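Hi everyone, thanks for coming. Please take a look at the structure on the screen, and then I'll walk you through a few parts of it.

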Amino acid sequence: MSQPSYKLTYFDARGLAEPIRLLLAYVKIPFEDLRTKEWASLKPKTPFRQIPILEFDGKQFGQSHAITRYLAKKHKLAGTNDEEQLLVDGVADYVKDIFAARLKWWFEKDPETKKKLQEEYFKTNLVAQAEILQALLKEGGGQFFAPSGVTFADFVVANEFFSLKKHYPTALEPFPELKAHLKRVHNLPGIKEWVAQRPDTDN
C-alpha cells in the first residue's frame, strides 16, 4: 500500500502544528508544509473552522491532537501497549494545561499586567507543571516519557518548552531533565534536520 501524500496547513508558526511536523520529520515522510496567509478565506472551508488541517486521499481532517494521535498510531509512536498509550496520552493532554497557563500572559498587550501574570507563572505554574513532567520522565527511564522509547508525547512536550526557552533562555535551568529532554528530542534523526531548516518564527 502506497504512502499517502500529506498536506499540512497552518499559520506561519510552530504552534499547534509543530508536533505533527516533528512526527512526520522523525518518520521521514515528506509532506507539504503550507503556511497560509489567507485564513479568512480558508476558514469556511475547514472541517472545524480551525487549523491545522491535514489533507490526504482527497479528505481534510482537523484538530491538532487528533491528527497527531492518528499519525502516532499509524507509525508506532503511541506506546507499545495499552498502559503506555494511556501514559503518553496523559502527558500530551497535560501539555494542554501548560499551554493554557502560558497563554494567560503570552499575548497580553498591557506591559504591567503582562509582567504581573508572567512573574506569577514562573513562580507557580511553571514550577508545579515542570516538576510533574520531570517526575513522569524519570519514571519512564529518564530518556523519554514511555519506557519503550520515543512517542508523540515527547514531541508535544519538546515543542512547548522550546517556545518558552526561545523567548526566555534560562526558563528550563531549574529543570535539567526537561532541558536535556528537549535537546535529546531535537537531536533525533529526521528531527535534527527539520529543526535546522524550518522557518524561524516567534511562536
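Let's begin with a pair of residues: I53 stands opposite G62 in β4. Another such pair is L54, which sits opposite F61 in β4. Before I go on, a word on what you are seeing: this is a predicted model, where local features need pLDDT of at least 70 and side-chain atom pairs count only at pLDDT 80 or more, while totals for chains, interfaces and linings use all residues. Residues are numbered from 1 along each chain as its sequence is written, and side-chain values use heavy atoms, leaving out hydrogens and water.

Back to the strands. Strand β3, residues 53-56, pairs with β4 in the antiparallel sense over four bridges; two strands pair if DSSP finds at least two bridges between them. Helices (H or I, at least four residues) and strands (E, at least two) are DSSP runs, numbered from the N terminus. In the β3 and β4 hairpin there are two residues between the strands, and D57 takes a positive phi near 55°.

Strand β1, residues 6-10, also runs antiparallel to β3, and three bridges join them. Here K7 is opposite E55 in β3.

How do the four strands line up? They form an open sheet with mixed pairing, in the order β2-β1-β3-β4. At the edges are β2 (31-35) and β4 (59-62), each pairing on one side only. From one strand to the next, the twist averages 20°.

Now for the helices. The axes of α1 (residues 18-26) and α3 (residues 64-74) come within 9 Å and cross at roughly 15°. Axes here are lines fitted to C-alpha atoms, for helices over the stretch in contact, and angles run from 0 to 180 degrees between N-to-C directions. The two helices, α1 and α3, are therefore roughly parallel to each other (angles under 35 degrees count as roughly parallel, over 145 as roughly antiparallel, 65 to 115 as roughly perpendicular and the rest as oblique).

Which residues make the contact? On α1 they are P19, I20, L23 and L24, and on α3 they are S64, I67, T68, L71 and A72. Contact means heavy atoms within 4.5 Å.

Let me finish with S64, which lies in helix α3. Is S64 buried or exposed? S64 is buried, with a relative accessible area of 9%; buried means under 20%, exposed over 50%, and partly exposed in between, using a 1.4 Å probe and protein chains only. Leaving aside residues up to four places away in sequence, S64 touches L16, I20 and P52.
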